[in-house]
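Hello,

The structure we spoke about is pasted below. Please look it over before reading the notes under it.

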Amino acid sequence: MDFHQQVRQRLFAVEQAMRSLSMWQPQPPAREAFESREPFCIDTMRPEEWLQWILLPRMHALLDQQAALPRRFAITPYFEEAFAHAAGLLTQLQRLDDLLNIDSPQDPPTQAPKIQHD
């Protein structure tokens with residue numbers, strides 16, 4: 001299984017953990033909630049809303065585009081307090097953090113190659 005498939009598998013595991021805890025919502029938050037400038041939309045969304053409606057779709061979009069994935073990724077510390085009762089979800093988030101913090105030769109370059117002009 002390549003790196004991107006592993007990441008996608010971790011994203012699905014986060015979704016499944018959210019569903020098993022009845023955190024998965026059938027409707028997105030109000031449109032204005034997505035306009036937040038704060039990290040994790042902390043002023044407009046609950047933590048589980050941010051996971052479902054921001055992080056998971058953006059990560060899937062990056063995978064679909066075969067784009068570079070974030071590095072030095074650490075979202076679990078933020079969620080440890082919010083989801084103290086949800087050990088299974090925290091485990092899945094930590095696994096995602098761990099995976100995105102290893103170097104993968106499968107990743108596309110994060111910068112365009114330099115072109116030499118004569």
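The notes below cover the nonpolar core and then the salt bridges.

This is a predicted model, so local features need pLDDT of at least 70, side-chain atom pairs count only at pLDDT 80 or more, and totals for chains, interfaces and linings use all residues. Residues are numbered from 1 along each chain as its sequence is written, and side-chain values use heavy atoms, with hydrogens and water left out.

Core. A nonpolar core is a set of buried Ala, Val, Leu, Ile, Met, Phe, Trp, Tyr and Cys residues joined through side-chain atoms within 4.5 Å. Buried means under 20% relative accessible area, exposed over 50%, and partly exposed in between (1.4 Å probe, protein chains only). The largest such core has 29 residues, and V7, W50, L51, F83, L89 and L93 touch the most other members. Two or more residues each come from α1 (3-20), α2 (47-64) and α4 (87-100); helices are DSSP runs (H or I, at least four residues) numbered from the N terminus. The largest share, seven residues, is from α2.

Salt bridges. There are four, counted when a side-chain nitrogen of Lys or Arg is within 4 Å of a carboxyl oxygen of Asp or Glu.

- D64 pairs with R8 at 2.8 Å, N to O. D64 is in α2 and R8 in α1, so the bridge ties together parts 56 residues apart in sequence. D64 is exposed at 57%, and R8 is partly exposed at 23%.
- R46 pairs with E48 at 2.9 Å and with E49 at 3.7 Å. Shared partners join R46, E48 and E49 into one network. R46 is partly exposed at 44%, while E48 is buried at 15% and E49 is buried at 9%.

Regards
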